[in-house]
Amino acid sequence: MIAIAALFLVCLAYVQANPDGAPLAACAAIAPQSPQHNGSSQPLANSSYSLNVSQLTAAGGYTPGRTYTLVLTGGASQYKGLLVQGRRGTTPVGSFAAGNLVKPVCSTNTAVTHTDNTLKNNIQLTWTAPAAGTGTVVFSYAVVVQNNATGSIYYATLPSPEIAEVGSNTSVAQSSMTSLMLLMLLGMFAVHGIAAY
């Protein structure tokens with residue numbers, strides 16, 4: 001009887017693995033990990049899931065250091081788990097904050113994951129843009145739809161649109177320096193012009 005109870009607990013743990021978010025190992029691939037998820041990623045073309053980055057695209061991109069709200073939606077479909085990370089190529093960039101049903105994960109909070117495995121939809125994520133000079137960012141994300149004894153159904157490495165860097169302090173400083181140099185040149189010409197008369 002004790003052996004049966006122990007076996008039941010092991011099976012229950014396997015079926016409900018990672019109910020509190022993705023492990024660190026998932027950060028590199030932005031995909032659910034074995035043995036907790038014993039399936040394979042579904043074709044991306046079949047996904048109804050999307051990461052709404054309209055706050056970023058409406059602004060023409062991100063301003064370094066500014067905070068933005070992203071929304072992970074499934075349309076009419078719900079999901080149990082998520083992992084989202086901003087990347088420049090394969091390098092994680094920016095950082096996420098804790099929020100309703102989500103927590104930051106991975107090195108220096110570069111990704112965000114779920115806090116429980118209840119069904120959810122339209123989860124808001126708070127992302128702080130990286131430092132100036134980072135360049136274009138793409139969000140890579142994974143969604144777990146089902147994880148039980150019959151197998152996992154998930155979508156891995158779904159991409160967002162490319163998000164350009166805009167309004168960096170570096171470009172503002174450069175344009176201020178150019179304006180200052182022009183004013184100095186005009187001042188020199190004015191002084192020399194007046195002295196020549």
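N109 sits in the loop that links strand 6 (102-105) to strand 7; helices (H or I, at least four residues) and strands (E, at least two) are DSSP runs, numbered from the N terminus. The model is a predicted one, where local features need pLDDT of at least 70, side-chain atom pairs count only at pLDDT 80 or more, and totals for chains, interfaces and linings use all residues. Residues are numbered from 1 along each chain as its sequence is written, and side-chain values use heavy atoms, with hydrogens and water left out. With a relative accessible area of 35%, N109 is partly exposed; buried means under 20% relative accessible area, exposed over 50%, and partly exposed in between (1.4 Å probe, protein chains only). Leaving aside neighbours within four places in sequence, N109 is in contact with G94, S95, F96 and P104, where contact means heavy atoms within 4.5 Å. A97 is twelve residues away from N109 in sequence, and their C-alpha atoms are 7.5 Å apart.

V102, for instance, has H114 in strand 7 as its bridge partner. Together strand 6 and strand 7 make a hairpin with five residues between them, and C106 in the turn has a positive phi of about 75 degrees.

Strand 7 (residues 111-114) also pairs with strand 3, again in the antiparallel sense, over three bridges. Here V84 stands opposite V112, and Q85 stands opposite A111. Strand 3 has another antiparallel pairing, with strand 4 (residues 91-92), over two bridges. In that pairing R87 is opposite P92. Strand 3 and strand 4 form a hairpin with two residues between them, and G89 in its turn has a positive phi of about 65 degrees. Because seven of its eight residues are buried, strand 3 is largely enclosed by the rest of the structure.

Elsewhere, four strands form an open antiparallel sheet in the order 1-2-8-5. Strand 1 (50-52) and strand 5 stand at the edges with a single partner strand each, so one side of each is left without a neighbour in the sheet. Strand 5 and strand 8 run antiparallel and are joined by two bridges, with F96 opposite W127 in strand 8. T73 lies in strand 2 and is buried, with a relative accessible area of 17%. The side chains of T73 and N122 make a polar contact at 2.7 Å; such a contact is a pair of N or O atoms within 3.5 Å, where, within protein, one must be able to donate a hydrogen and the other to accept it, and residues adjacent in sequence count only if both atoms are side-chain atoms. Beyond four places in sequence, T73 is in contact with residues including S48, Y49, Y79 and N121.

What about the nonpolar interior? A nonpolar core is a set of buried Ala, Val, Leu, Ile, Met, Phe, Trp, Tyr and Cys residues joined through side-chain atoms within 4.5 Å. The largest one has 26 residues, and those with the most contacts inside it are L51, L56, L70, V84, L125, W127 and F139. Two or more residues come from each of strand 2 (67-73), strand 3 (81-88), strand 8 (123-128), strand 9 (138-148) and strand 10 (151-159). A second, separate core has nine residues, among them A22, A26, C27 and C106. Setting aside neighbours within four places in sequence, L56 is in contact with G61, Y62, Y68, L70, W127, F139 and I163.

D116 counts as partly exposed at 23% relative accessibility, while K120 counts as buried at 3%.

As for confidence, the protein chain averages a pLDDT of 76, with 69% of the residues at 70 or above; pLDDT is the predictor's confidence in each residue, from 0 to 100. Confidence is lowest in helix 1 (residues 2-15), at a mean of 31, and highest in strand 5 (residues 95-96), at 97. Over residues 1-17 the pLDDT is below 50, and this stretch has nine contacts beyond near neighbours in sequence. Residues 170-180 also stay under 50, with one contact beyond four places in sequence. Where pLDDT is low, the predicted coordinates should not be read in detail.

How values were computed:
Pairing = 2+ DSSP bridges.
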